[in-house]
Amino acid sequence: MSRKPARIRTGLPAWILSLPLVWMLLFLVAPFAIAAKISLSRSALAQPPYEPSFDWSAGVADWMERATQFSFDAYAGLFADTIYLDAYLSSLRIAALSTLCALLIAYPFALSIAHAKGVLRPVLFVLAVAPFWTSFLIRVYAWIGILKDEGLLNHALIWLGLIEEPLQIFATDIAIVIGIVYSYLPFMILPIYVALEKQDAALLEAAADLGASPWRAFVQVTLPLSLPGVLAGCLLVFIPAVGEFVIPDLLGGSDTLMVGRTMWVEFFDNRDWPAASAAAILLLLVLLVPLRIYDRLQTAEERT
Amino acid sequence: MSEPVLRLSRLTKKFGTVTAVDQVSLDIRPGEFFALLGPSGCGKTTLMRMIAGFETPDSGVIDLEGRDLSPVPPHRRPVNMMFQSYALFPHMNVERNIAFGLVQEGLPKAEIATRVADMLDLVQLKGLAARKPHQLSGGQKQRVALARALAKRPKLLLLDEPLAALDRKLREDTQFELMRIQRELGASFMVVTHDQDEAMAMAQRIAVMRAGVIEQIGPPQDVYLQPANTFVAGFIGKINLFPAKVVAVALGRSRLALDAGFEMNLPRADLQVGSVITLAVRPEDLAVEASGEGAAGQVLDSVFLGETSLTRIALPNGQVVQAARMNAARNGAWQMKRGDSVRVQIPPAAARVLAS
């Protein structure tokens with residue numbers, strides 16, 4: 001019965017509507033093409049440090065000749081050494097754990113904002129996004145001071161008598177998870193809040209009227225209706241978390257394997273641009289999977 | 001008379017300084033179709049929400065079949081409500097919406113299926129069980145909401161403006177549909193509405209509410225023909241109010257001098273000589289002739305409404321009255337037009353003496 005929603009006719013000139021297309025072309029497709037091209041090259045002692053490199057003035061014949069030098073060696077290299085696979089798996093694991101923790105914290109948070117009365121609601125809403133007013137980098141640095149062995153957290157726990165020896169949190173995966181959860185929490189709260197806020201309050205009254213206790217009403221009505229927000233929040237946290245570089249670099253240990261860091265090392269330390277590019281392209285392809293699932297779920301929702 | 005299903009005694013609810021419901025007492029009888037009628041903001045919805053348990057009364061008792069409901073949370077109250085917005089669960093199909101209350105009770109699956117099928121039958125929605133709410137028309141949604149609220153077989157069903165969201169034609173059909181269903185189930189229905197036609201058409205008894213207070217309770221005929229005061233008279237149907245002074249009382253009759261400029265007799269002896277009263281007369285009761293007794297009036301305009309024509313007439317004291325006349329063929333063509341001089345009379349039997 002329901003079909004795809006009809007296209008909205010805004011009557012605006014076509015160039016305004018094509019702006020997102022231009023933007024995507026400049027900042028998504030073009031960089032992707034460049035990275036894809038570099039990933040097919042071979043590392044070389046040159047400037048830039050790979051070949052083939054194309055000379056714009058050399059003519060088509062020269063280009064064709066150089067294009068034959070493209071290879072998938074960089075991709076083969078990714079699978080030759082388990083360090084890449086380990087880095088991918090470790091990244092996915094840390095990102096998944098962080099997403100789960102963020103969800104468990106954000107849901108009650110969003111619920112209490114949505115149920116807040118009067119002026120309290122906008123206040124709580126602003127407080128949820130307030131951390132954005134300070135630079136992301138500074139906030140992650142602050143966590144070093146909290147988590148390190150002689151940091152605030154260990155001092156507090158020892159003072160409270162809960163532990164005797166400082167906990168080793170800094171420079172572990174736990175520190176990374178804490179950093180990611182803290183940094184990305186607003187991205188989880190906001191879509192869940194939006195999903196909860198637009199729910200008709202009469203639905204919960206109807207559920208109660210029909211004999212559902214508050215808990216059952218939550219499980220059977222509130223929760224299922226907020227799932228699109230939950231899903232969007234999970235994507236907004238999970239996808240950047242997989243490729244996160246700053247947080248593992250600052251809070252992680254030397255043995256922390258995350259794909260963002262691995263790329264950094266390939267690019268800057270090993271000056272192996274093709275390997276770094278291949279790793280980036282592969283990451284992009286891996287991250288298409290959850291996006292594809294999200295898309296499928298959305299269309300399934302629309303169809304029923 | 002059997003015990004009432006619901007008995008409200010001196011129920012009061014304040015929001016800040018506003019008293020939304022003020023010392024309301026009323027009974028709902030078993031199997032009764034009851035209407036709570038009043039303008040918006042009169043407290044009728046608050047009253048209904050207190051019965052359902054969504055508002056806590058400040059004082060008073062809600063007694064359902066001998067049991068005080070005050071300490072009972074909404075999900076344990078044996079009354080059900082049909083919401084004005086219907087409040088259908090958008091993620092559930094029609095069948096699961098109707099089954100929702102039964103699932104909460106933990107009834108066996110087979111029993112739930114039978115009762116849902118019965119409900120679909122009752123509201124004539126067979127074949128739509130698998131639809132989601134957004135695939136239904138307004139009238140269909142209304143039926144699902146009704147079926148969902150009735151599935152638990154409540155002793156008392158509360159209906160909050162059940163017809164407000166429907167268009168006019170559908171509203172009339174649905175009125176009869178609601179009455180049929182109520183008769184078939186034998187449950188008590190309590191409808192909250194601001195629409196007097198709706199209340200008159202459906203209810204066996206009407207409570208007219210204003211500013212948190214019930215002004216009158218009674219069958220539609222009583223409320224219409226013997227309104228307790230000018231508010232009830234004006235709210236239920238159209239009414240003409242004639243201020244008058246009692247000039248004499250004798251032999252079981254009173255002589256009245258109307259501000260409109262004429263005198264008449266009323267067959268009542270219980271009025272005080274010299275007191276000022278208000279006479280209320282329905283437009284259809286007002287006698288308008290081309291000549292004769294009564295107040296001299298001038299026709300301002302006359303509108304043709306189909307079964308009736310409504311004429312506005314200006315009286316010598318500046319008062320404007322409304323007179324209705326059936327457009328039945330036997331009444332003949334007596335069309336009034338602007339500027340016609342007429343005589344307006346009040347048939348004594350049709351005049352009500354009101355407290356203002």
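In what order do the five strands of the open sheet in chain B run? The order is β13-β12-β11-β14-β20, with antiparallel pairing. This is a predicted model, where local features need pLDDT of at least 70 and side-chain atom pairs count only at pLDDT 80 or more, while totals for chains, interfaces and linings use all residues. Residues are numbered from 1 along each chain as its sequence is written, chains are lettered from A in the order in which they are written, and side-chain values use heavy atoms, leaving out hydrogens and water.

**The sheet in chain B**
- Strands here are DSSP runs of E, at least two residues, numbered from the N terminus, and two of them pair if DSSP finds at least two bridges between them.
- β13 (262-266) and β20 (352-354) of chain B sit at the edges with a single partner strand each, so one side of each has no neighbour in the sheet.
- β11 (residues 240-250) and β12 (residues 253-258) of chain B run antiparallel and are joined by six bridges; A248(B) stands opposite R255(B) in β12(B).

**Cysteines**
- There are zero disulfides over all chains, a disulfide being a pair of cysteine sulfur atoms within 2.5 Å.
- For C234(A), the nearest cysteine sulfur belongs to C101(A), 12 Å away.

**Where chains A and B meet**
- 21 residues of chain A are in contact (heavy atoms within 4.5 Å) with 27 residues of chain B.
- Between the two chains there is one salt bridge, meaning a side-chain nitrogen of Lys or Arg within 4 Å of a carboxyl oxygen of Asp or Glu.
- E205(A) forms a salt bridge with R49(B), with the closest N and O atoms 2.7 Å apart.

Conventions. Helices (H or I, at least four residues) and strands (E, at least two) are DSSP runs, numbered from the N terminus.
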